[in-house]
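Reader: Please show me the model. Then I will ask what the words for it mean.

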Amino acid sequence: MRPETWTRWPAREGRAGEPSTPARRVLSLIGRAVLVGVLVWGTFAPGDQHGWGTVAAALGLVAALAQAAAFLRAGREQWLRSSLALAATLLATAWAADLGHAHLLANFLWCGLGLTALIRLPLVAALPVTALSLGSYALASGDGWPAVSATVGGLALFGYLLRLDGEAKGAAVRLLGQERAARAAEAESAALAERARIAREIHDVLAHSLSAQLVHLEAARLMLDSGADRARVRERVVAARRMAQDGLTETRQALSALRGEFTPVGEYLVGLAEGERAGLTVTGVPRPLAAEAGLAVRRTAQEALTNVRKHAPGTRCTIELRYLAELVELEVRNTPPRAARAEQRAGQAPGPAAGQSVPEDLGAGAGPRVEPVAGLAESGSGYGLLGMRERAELLGGTLLAGPDEGGWRVLLRMPG
């Protein structure tokens with residue numbers, strides 16, 4: 001055994017507490033009353049006490065029961081010195097009862113003390129107390145040695161088994177508490193992750209939509225202040241209205257995605273490609289994707305096409321969705337017109353790449369000079385390819401973005 005095994009108190013959790021139901025409380029009270037009644041009957045039934053002897057026997061019985069109750073409380077509160085002092089007092093009281101011919105009370109005190117010590121005290125204290133108690137019983141008992149040996153051995157074994165049972169119950173209670181704490185922490189972590197996910201989705205939609213609307217409305221205000229043509233002002237207002245409609249649609253899609261009710265990724269990309277006049281290719285066997293993975297594919301495709309529309313209008317854009325064995329890949333590529341590529345092959349100085357105006361954290365490359373849509377390029381990207389890259393990495397995927405053959409290429413790989 002390890003050293004702490006001898007000095008460690010039995011687990012508090014393994015000890016039976018107060019009965020938890022009214023019926024059990026009633027049964028417990030009845031059991032205690034029966035026990036006291038048996039002790040009273042065993043003490044006074046033989047009729048060996050007369051006069052003051054009867055009074056002394058009654059006082060001794062009350063004192064013995066009070067000491068037993070105090071010993072149980074000291075063990076419950078893990079008061080070692082008090083427990084040992086009360087154990088010595090109980091041993092003396094038992095010998096006094098035996099000398100006063102209250103043999104039933106004496107045997108009860110010896111056997112009960114030995115059994116309870118094994119259950120309630122550290123082994124370093126329990127073994128001596130049990131040995132003294134059961135040894136006293138063996139010495140005072142008038143039975144033959146086989147019966148005494150069987151009684152003493154049975155009580156010692158029973159007490160030790162109860163101690164082991166209490167330790168097992170205590171370990172089970174502690175494990176249950178740890179499991180509940182782990183579940184509570186897991187639930188809290190899941191709630192925080194869900195709140196972060198909802199905040200990220202709403203931020204992506206609103207930041208992208210509202211920033212673009214703000215640009216157009218600010219431009220309209222400036223045009224009104226400068227007395228610009230009414231048709232130009234109306235064009236800006238209509239553009240802001242369209243942005244608001246698109247933002248509302250995207251918000252609904254985001255909420256549907258959070259509820260797991262969005263359309264399959266393939267169908268979504270078909271509509272997106274038609275709206276942006278981009279080519280779409282799907283390879284592999286289509287399969288349902290997890291909500292987070294499908295949402296990442298949607299957001300990445302949308303952000304890549306938004307960047308093309310803002311920073312490289314007029315370029316040819318293609319979308320390819322590939323279903324692999326354990327992965328799904330999305331590739332969005334835009335290439336400059338043939339004339340621009342011919343200029344590059346002829347060695348002429350190329351202009352900015354089609355993706356050059358994307359956020360600085362993703363770098364830039366060479367490509368044809370294409371003017372961005374007025375006012376829209378300055379709106380910034382609410383989604384941001386950097387945000388899409390972080391989203392992919394959180395889900396165990398990767399996102400690559402950079403110049404490619406004079407254009408720009410975005411490649412997303414996701415488990416799914």
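Author: We start with axes and angles. An axis is a line fitted to C-alpha atoms, for helices over the stretch in contact, and angles run from 0 to 180 degrees between N-to-C directions. Helices (H or I, at least four residues) and strands (E, at least two) are DSSP runs, numbered from the N terminus. This is a predicted model: local features need pLDDT of at least 70, side-chain atom pairs count only at pLDDT 80 or more, and totals for chains, interfaces and linings use all residues. Residues are numbered from 1 along each chain as its sequence is written, and side-chain values use heavy atoms, with hydrogens and water left out.

Reader: How many helices and strands are in the protein chain?

Author: The protein chain has 12 helices and 5 strands.

Reader: Why are α4 and α5 called roughly antiparallel?

Author: The axes of α4 and helix α5 (residues 103–120) cross at roughly 155 degrees. Angles under 35 degrees count as roughly parallel, over 145 as roughly antiparallel, 65 to 115 as roughly perpendicular and the rest as oblique. So α4 is roughly antiparallel to α5. Their axes come within 7 Å. α4 passes α5 in a left-handed crossing (the near helix is turned anticlockwise from the far one by less than a right angle; clockwise would be right-handed).

Reader: Which residues of α4 and α5 meet?

Author: Contact means heavy atoms within 4.5 Å. In α4, A87, L90, L91, T93, A94, W95, A97 and D98 take part. In α5, the partners are H103, L105, A106, L109, W110 and L113. By class, this contact has 11 nonpolar, 2 polar and 1 charged residues. Here Ala, Val, Leu, Ile, Met, Phe, Trp, Tyr, Cys and Pro count as nonpolar, Asp, Glu, Lys and Arg as charged, and the others, Gly among them, as polar.

Reader: Why are α10 and α12 called roughly antiparallel?

Author: Helix α10 (residues 291–311) and helix α12 (residues 385–394) pack at an angle of about 160 degrees. That angle is over 145, so α10 and α12 are roughly antiparallel. Their axes lie 10 Å apart. The crossing of α10 past α12 is left-handed. E292, L295, A296, R299, T300, E303 and N307 of α10 make the contact with L385, M388 and R391 of α12. The classes are 4 nonpolar, 2 polar and 4 charged residues.

Reader: What makes S83 count as buried?

Author: Buried means under 20% relative accessible area, exposed over 50%, partly exposed in between (1.4 Å probe, protein chains only). S83, in helix α4, has 0%, so S83 is buried. Not counting residues up to four places away in sequence, S83 touches W9, F71, A74, G75 and L121.

Reader: And why does L305 count as buried?

Author: L305 has 3% relative accessibility, so L305 counts as buried too. L305 lies in helix α10. Leaving aside neighbours within four places in sequence, L305 is in contact with L272, E276, A278, C317, I319 and V332. L305 and A278 are 27 residues apart in sequence but 8.7 Å apart in space, C-alpha to C-alpha.

Reader: What share of the 416 residues is buried?

Author: Buried residues make up 38% of them.

Reader: What makes β1 and β4 the edges of the sheet?

Author: Two strands pair if DSSP finds at least two bridges between them. The 5 strands form an open, mixed sheet in the order β1-β2-β3-β5-β4. β1 and β4 (398–404) each have a single partner strand, so one side of each is left without a neighbour in the sheet.

Reader: How many bridges join β2 to β3?

Author: Strand β2 (residues 316–323) and strand β3 (residues 327–335) are joined by 8 bridges and run antiparallel. I319 has V332 in β3 as bridge partner.

Reader: Which helix lies across β1, β2 and β3?

Author: That is α9, running at about 175 degrees to β2. α12 lies across β4 and β5 (407–415).

Reader: What is the phi of Q78, and that of R277?

Author: Most residues other than glycine have a negative phi. Q78 is not a glycine, yet its phi is positive, about 60 degrees. R277 is not a glycine either, and its phi is positive at about 55 degrees.
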